[in-house]
Each structure stands twice: as structure tokens, then as C-alpha cells.
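Dear colleague,

I am handing over the structure below, and after it you will find some notes on what was found in it.

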Amino acid sequence: MKPESMTSLERVLTTLGFKEPDRVPYFLLLTMHGAKELGLSIKEYFAHSKNVVEGQLRMRKKYRHDCYYPFFYAGIEVEAWGGEVIFTEDGPPNAGDPILKKFEDIDSFSPPQIQDNAPLQKVLSAINGLYEKNQGDAPIIGVVMSPFSLPVMQMGFEKYLDLMHEQPDKFEKLMKVNELFCVEWANAQLAAGATAICYFDPVSSSTIVTPEQYRKYGKMIAKSTIAQIKGPTATHFASGQCSSIVADVAETGTAIIGISALEDPVE
């Protein structure tokens, strides 16, 4: 007997409970695409939270997917520290020059205060706006960059790999600063109305580091961070492969894993 029609949230929770929903739930994690719906440039679209709220509402109505995704762009976390964001006309905004120029900068590095931070407050305002209009109909997905992956934007890929292998003390200090920020940022989004948090961790994917390196670094950092987040999390590797570390990811306490297009979902 086919289940009765469900709300998106009911559909998702039923599926996560290993029961049959009325149809398969699907998430379209649409971001800058809302700018086209509103006839705005990408920079104009992300300038005001009300644009993101309206864009998300229109896109869900148009595509009938099962979530709201008030994520702005990854570089907003670096922007929160005072870093630059580069906008283009036909692609996602990207982080500009690294804010950590040399390893010694880590010694005086501290996380931004969320309550006084304009870029982060825009995101919280968008989440809250969707929460007020949503009335529990669909999950609202907040996003944080993992402490282990954020340094790619903070200092650049090559310098970060050098830090990881050559400066263990400073690496550990940066992880502690980033973990503090990640937890506070995730919990602020949950308090604003997010249903769950997407824990983006591309550096942990087997496309970038070995499974052994993940177990040494990314896994342990994820376990500590996720344990402090006051809501469910989904770990996503941003198109990176993860089949070789699925069992390890399960041990971090995350509820869901996002796999790459190169992996077999049946497996």
C-alpha cells in the first residue's frame, strides 16, 4: 500500500528511519542559481539575505525538491575573518588572497565573533527568514566548512600541506581555532532555524588525502567537532571520493554521508 502524501520533512525523516516514503526524497543544493530567478547578478543576489530567501522559495516551488539550502558561498567563512571574496558573473564566489600569509600568523589567530559579523549575520538572517516561511514543511540545511578543510582557503593548498607535515604544533593550534569557530557557527545556524548541518570536508576525501591520513587527522577532528554540534550533521566531501573511508566516517557521529558521482550508491 502506497504511503499517503507527505511533507518534505516527513519524507526525509521516514527515509532516514528506513521506512518507505510516498516518494524518494531528493535534495537540489542550489545556491547562486537563485540570482537568475530574481534577475540579479550573483554579487547583488548575495548582498541581501531577503534575496536568498526569495530565491530558495522560488527554486523549491519550481523544482519540487525536498530542502531549503541557505548556503551563500564557501568563501564567506574567510570573509568573516576579514578576507576578500572574488565575484564572477557566471560562477560561485571564491576566496581571494590567503589571510594567513606565514605560519607565524597562526600564533595570534582567533575566530570572529559571530554576533557582530556582517557576512555571517546575513546567512543567519536568511536561515531565520526561511524558518518563518517554512513552518516545518521542509528541512533547512545549514553549512559549515570543517576545521580540517577550511585552511585551504585561509592559507592556500600548498602552504597548508606544508603546515600539516612540517609544523605539527602550529597545525594543531590552527585546528583548535577552526574547531571553536566551526562549532559556534554550526550552533548559531541551528539556533536560527536550520534543521541540520552539512559538514563540508573535501580535504578528508580519498581524492585528496590517503585513508591513513584521514584517520590520523580528518576523522579525529570531525569526531571532536561533530560531538559539540547541537543537531544532526551530514558529512559531504564536495564531489571527492569516500568509499574507502565510509566505516570511519560512520564513527564520527555524523548521520548522513554525501558520496561522489564516481561511487556506486548500491555498494
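**An aromatic cluster**

Tyr73 counts as buried, because its relative accessibility is 2% (buried means under 20% relative accessible area, exposed over 50%, and partly exposed in between, with a 1.4 Å probe and protein chains only). Please keep in mind that this is a predicted model, in which local features need pLDDT of at least 70 and side-chain atom pairs count only at pLDDT 80 or more, while totals for chains, interfaces and linings use all residues. Residues are numbered from 1 along each chain as its sequence is written, and side-chain values use heavy atoms, with hydrogens and water left out.

The structure holds 13 aromatic pairs (rings of Phe, Tyr and Trp, the last by its six-membered ring, pair if their centres lie within 6.5 Å; planes under 30 degrees apart count as stacked, over 60 as edge-to-face and the rest as tilted). One of them is the edge-to-face pair of Tyr73 and Phe87, with 5.6 Å from centre to centre and 80° between the planes. Phe87 is partly exposed, with a relative accessible area of 26%. Tyr73 and Phe87 belong to one aromatic cluster together with Tyr45, Phe46 and Phe72.

**A buried threonine**

Thr235 lies in strand 5, residues 233-236 (strands are DSSP runs of E with at least two residues, helices runs of H or I with at least four, numbered from the N terminus). At 4% relative accessibility, Thr235 counts as buried, and its side chain is joined to that of Thr254 by a polar contact of 3.0 Å (a pair of N or O atoms within 3.5 Å; within protein, one must be able to donate a hydrogen and the other to accept it, and residues adjacent in sequence count only if both atoms are side-chain atoms).
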